[in-house]
Amino acid sequence: MINTASLTTTPRITITGAVKKFGDTVVLDGIDLQVRSGEVAVLIGPSGAGKSTLLRCINGLERLTAGTVDIDGVRLEYRESSLNHMREHVGMVFQSFNLFPHLTALENITMAQTRVSKRSKADARDRGMTLLARVGLAGKADSYPSALSGGQQQRVAIARALAMTPKLMLFDEPTSALDPELVGEVLQVMRELADEGMTMVVVTHEMRFARQVADHVVLLADGGIVEEGPPEKVLDAPESERARSFLSQIRADD
Amino acid sequence: MEFLNALITSWPTLLKGLTVTLSLTALTLVFSVVLGAIIVALKMSKIRALSAFATAYLAIVRGVPLIALLFVIYFGIVSIVKVDAFAAAAIGLSVHSSAYVAEIFRSGINSVHNGQIEASRSLGMSRVATMSKVVAPQALRVVVPALVNQAIISLKDSAVASFITVDELFMSAQRLSAATFQPLTYYAIVSLYYLAIVGAMTYFSGRVERYFEKRG
């Protein structure tokens, strides 16, 4: 299931002493985390634990109050030019898809390619069509997002991020806004991506996905990491009381 | 019957006035959209002095009656450079309308969901590219009805230009009514003219809205 051949020991992401405060509220309270190249890290935990905030700090959508983020050894800085440069190679997929409603599926995928990566229109289009085919939506190239189902929109959003040839993909609860019957098609695309060796950080409540696809599960609660390691350890044999209570809660919900 | 007769015989005179009114309105539209865009850009600027300037501009322009603004500009400019009444009216109407256009633009920009900006920025798109390629196109379709409404207001406001001697539609009716001692007839006729143009603009607005709806 896991493509271990692509796992190396190079840290792709290194987060050190990450603190994030919104006013007086401490959301992240000194997080240290490493994600290696080719690794799939899944962030789980109760709502309000800071999972999404941590993810958004990786590409600078949220600014850390203290601490550092390094991507491939390059320190994250909040200057416009360095943010743009870093984000070009870090894909992000949102809970609410955030496709551009005034553009077709294909245009959603080509815009940043031509504007940011400076590819020619023809190259961007070719790549866009290849990626649409890959997420099973070649026939929807000219559809506007409003004509697509949630699952289709999210697959286009994944293709849009992949079009930039990212070295890292961030997923912020990518299936939480979907009707249950549409979750599978999105997870399938993510599973294939993981099998190809993409480095991924995924915030999700899909425990089966975490169990099957993750190399590294991180359980966050109250702004800190309470448990981390391979899925079998974190999900089946958690050491901390906080982790056990969270996991028994979501099992009760199932 | 008499009314119908007046309607027909007044046509050549009123047509001249109508041409002036329509050009004045068209100029007001173009300049107020440009000025409004500049003002909203200043207003949203991170540089405090620029945003303070925009706030002051909006407060002054919206706080002063159009007719007072027109008089101040007409007599103010005439005292410095020689400029005709038409130009003064075009400037005054544009400045007046630009404040409302700026507010329309601002509400359009604010109506675009923040997730759109985040999605664009997360692709490495710059702030400027995000504004022009993601936010502005979406804001535009939201503001079209409000902009057409503002255009209708500008058309009707242009009648005030007659106070600074611009020979536009309303002034033509004034002259006809003075010459014939039939104010009711000619003010009713000129009202029909305004009504017809506003009707055409409303129809056009509906067409534009439907065009955007079709594009999803």
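Hi everyone. A quick definition to begin with: pLDDT is the predictor's confidence in each residue, on a scale from 0 to 100. We need that because what I'm showing you today is a predicted model. For chain A, confidence is lowest in helix α9 (residues 241-253), where the mean is 83. It is highest in strand β6 (residues 90-93) of chain A, at 98. Taken as a whole, chain A has a mean pLDDT of 93, with 95% of its residues at 70 or more.

If you zoom in on β6(A), you'll find four bridges joining it to strand β7 (residues 168-172) of chain A, and the two run parallel. As an example of that pairing, V93(A) has F171(A) in β7(A) as its bridge partner.

Now, on to another sheet in chain A. Four strands make up this open sheet, in the order β2-β1-β4-β5, and here the pairing is antiparallel. β2 (25-36) and β5 (74-75) of chain A are at the edges with a single partner strand each, so one side of each has no neighbour in the sheet. What holds β5(A) to strand β4 (residues 66-71) of chain A? Two bridges do, with the strands running antiparallel. Look for I71(A), which stands opposite V74(A) in β5(A). And here α1(A) turns up again: it lies across β1 (11-22), β2 and β4 of chain A, at about 120 degrees to β1(A).

Let's move over to chain B, where the picture is helical. How many helices and strands does chain B have? Nine helices and zero strands. Its C-alpha trace spans about 70 × 45 × 25 Å along the principal axes. Of its 216 residues, 31% count as buried. Among contacts in chain B with a separation of 6 or more, 73% come from residues 24 or more positions apart.

One helix pair I'd like to show you is α2 (residues 11-43) and α3 (residues 48-63) of chain B. Their axes come within 7 Å and cross at roughly 130 degrees, and α2(B) and α3(B) are therefore oblique to each other. From α2(B), the residues involved are I39(B), L42(B) and K43(B). They meet a set in α3(B) that includes L50(B), F53(B), Y57(B) and L58(B). Sorted by class, this contact has seven nonpolar, two polar and one charged residues.

Finally, how do the chains meet? In all, 21 residues of chain A are in contact with 18 residues of chain B. On the chain A side, the elements that give two or more residues are α2 (80-87) and α3 (105-115) of chain A. That side divides into eleven nonpolar, six polar and four charged residues.

Key. Residues numbered from 1 in each chain as written. Chains lettered and ligands numbered in written order. Predicted model: local features only at pLDDT ≥ 70, side-chain atom pairs only at ≥ 80, totals over all residues. Contact = placed C-beta atoms within 7 Å. Nonpolar A, V, L, I, M, F, W, Y, C, P; charged D, E, K, R; others polar. Axes fitted to C-alpha atoms, helices over the stretch in contact; angles between N-to-C directions. Parallel < 35°, antiparallel > 145°, perpendicular 65-115°, else oblique. Buried ≥ 20, exposed ≤ 12 C-beta atoms within 10 Å, placed from the backbone. Pairing = 2+ DSSP bridges.
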